[in-house]
Amino acid sequence: MDKQHTVMTWWKKAIGYIIYPSAFKDSNGDGIGDLQGIISKLDYLKDLGVDLLWICPFFKSPMDDNGYDVSDYQKVDPRFGDNDDFDLLIKEAHVRGIRIIIDFVLNHTSDEHPWFIEAKNNPNSPKREYYLMLPPKYVDGNMMPPNNWKGFFSTSTWSYDEQSNLYYMHIFSKKMPDVNWSNPDLRNEYYALARYYLDKGVDGFRLDALAHLARDLSFSDSRVALDENGLAFDMNRYSNRPELFDYMREFKDRVFAHYDCVTIGEVGGGISPEQSLKLSGYENGSISMVFNFDTAWENGAYDSVTKKDEELVTNVVKLKTNFDRWYQACDGKAWMPLYWDNHDHPRVLSQYGSVKYRKESAKMLITTLLFMYGTPFIYYGDEIGMSNVDYTDIDDFNDVSARNYLAENKDKYDLATLLRFLRRTSRLNARTPMQWSNEKYAGFSTVTPSQKVNGNYLEVNVEDQQKDEDSILNYYKKAIALRKQEDIAKSVIFGKFSFVDIANNDVICYVHEGSRPLLLIANFRDHETRFPIKFKIKRTLLHNYGEELFEKGVVALRPFECYLFEVDC
Ligand code: BGC
């Protein structure tokens, strides 16, 4: 077993919090959240107990994908403030013991990035090698893209550029050309940028779309089933390919190893836990941990366009087995991040919790997350129980992935069906303004926010919950403070973790051994259920209902009821 397993690094102890900057707090009255807005809420975050912020991109961008299309990595986009604001944010956060990681977009740039402009304009520029630009294919005299690959945003991975008479590859939107990681000069550019930010004082990176940096450079057609447009969605052509692990090892040797930083790679693309150790394993890995997607959509919402709401049911067993699979692979070998949702997923309260049982289910979800194996990341607004949008106008779903999805599917389904689907799956569900108070615009801004506020802000907001001892917010504070206690943290970080009755369809129950052994019991249903307790309970540490109901070794759980006990193991 690698000795790093026994080391308590700062990032294993940290409580993460994810900020989507355009939606967090508007300080200058333009309807868009900004860096000064975040600075103004640092005391709130400190009081909540979080100490590691992952801030989604705020760099110069034409905003085709809300900042994930970067046109200048070294400049804060004016809508978020300026570089001095960012320096101040780092300073003010550090004064409060809060660390900051930025979202580093390595898979693509904006098509307005000077590298891409030069690549298009100048056939002799070395920048052309920074991208994946290929000549058209001709079939029966018709010009076609180089191959049949389909990307993540419902389109071909190829767009034609007239200037160069070449197609360029993009697995996301056509305004986000993929960069070519097989080119050493391109890699050096990113290493220099990483050093620039670490020298500035950032504490690490969330590495966006990391899984996709290496591609099948044969660019041959995929043979997986084609969609009605003749496109093949074959992630294997651009996900988790062998060269990815070499690139990241080089990145570590050249940059990460020289700083006390945390690096968390986003690895969708069907990576297995075993494969992920090549990235995050203590022994030969190159980064601190990886975000996988395996616990994100376990209520069947992902492909649910034709499903009725009643058909969406949390698959509690699958949730547990997916988590367990990752834990079994990582125990002693790698550390993990834990999260329920982020800016790409619907709100967890609407997925695995319940709007009807908002308070109970929000409290249950955070209790379940905080004491598993890993560094927890809370998505902004979950601490007050924010939920999916109530939009009734399809135009409110103004996001590139939603727009492309609608373009692809508008003739297949009626408007009501599409609206229902987006209300349950769209990324915009999690990108609405933070609900600070019951004032107009939820206290987020003084003018109409660029993204519509969720109509429930009158009942769901920070200010009201600060005054209510029994609120979700106050429960979060209590639970986070408990997770941060030295001996509890040790049990969570070093203790043996195991699920109890993993086959139970309704309840998540786990034990975390250690100097203060913990037992979690959480009902994931909106109906009552009973669960046997085979451990000797020492005391209740957290509970989301008033009275505790036991009967002869069985706990009677009400909807979304949960307990965290200290037990004798
Ligand atoms: C980010 C998304 C973004 C995509 C392209 C992701 O995985 O989390 O929000 O659209 O990368 O940058």
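**Figure 1. Asp65 and the ligand.** In this predicted model, a polar side-chain atom of Asp65 lies 2.5 Å from an oxygen atom of the ligand. A pair of N or O atoms within 3.5 Å is called a polar contact; within protein, one atom must be able to donate a hydrogen and the other to accept it, and residues adjacent in sequence count only if both atoms are side-chain atoms. A polar side-chain atom of His343 lies 2.8 Å from a ligand oxygen atom, and for the side chain of Asp344 the distance from an N or O atom to an oxygen atom of the ligand is 2.5 Å. On its own the ligand has 310 Å² of accessible area, and the protein covers 96% of this. Such areas come from the Shrake-Rupley method with a 1.4 Å probe; for residues, only the protein chains shown count as cover. There are 13 residues around the ligand, and Asp65, Asp208, Glu266, His343 and Asp344 come nearest.

Residues are numbered from 1 along each chain as its sequence is written.

Figure 2. Asp399 is in the loop between β15 (375-379) and α12 (400-409). Helices (H or I, at least four residues) and strands (E, at least two) are DSSP runs, numbered from the N terminus. Asp399 has a relative accessible area of 3% and is therefore buried; buried means under 20%, exposed over 50%, and partly exposed in between (1.4 Å probe, protein chains only). Its side chain makes a polar contact of 2.9 Å with the side chain of Arg427. Leaving aside residues up to four places away in sequence, Asp399 touches Asp65, Arg427, Leu428 and Arg431, where contact means heavy atoms within 4.5 Å. A network of salt bridges links Asp65, Asp344, Asp399, Arg427 and Arg431. A salt bridge is a side-chain nitrogen of Lys or Arg within 4 Å of a carboxyl oxygen of Asp or Glu.

**Figure 3. The salt bridge of Asp178 and Arg215.** The structure holds 42 salt bridges. In one of them, the side chains of Asp178 and Arg215 meet at 3.3 Å, N to O. Asp178 lies in the loop between β10 (166-169) and α6 (184-200) and Arg215 in the loop between β11 (204-208) and α7 (242-254), so the pair ties together parts that are 37 residues apart in sequence. Asp178 is buried at 0% relative accessibility, and Arg215 is buried at 5%.

**Figure 4. The salt bridge of Glu551 and Arg530.** The side chains of Glu551 and Arg530 form a salt bridge of 3.4 Å, N to O. This pair links distant parts of the chain, with Glu551 in strand β21 (residues 550-551) and Arg530 in strand β19, 21 residues apart. Arg530 is partly exposed, with a relative accessible area of 47%.

Figure 5. Zero disulfides are found in a search of the whole structure; a disulfide is a pair of cysteine sulfur atoms within 2.5 Å. Cys330 is in no disulfide, and the nearest cysteine sulfur, that of Cys261, is 19 Å away. Cys330 is buried, with a relative accessible area of 1%. Cys562 is in no disulfide either, and the nearest cysteine sulfur, that of Cys509, is 12 Å away. Cys562 is buried at 0% relative accessibility.

Technical notes: Predicted model: local features only at pLDDT ≥ 70, side-chain atom pairs only at ≥ 80, totals over all residues. Heavy atoms only, no water. Near = heavy atom within 4 Å.
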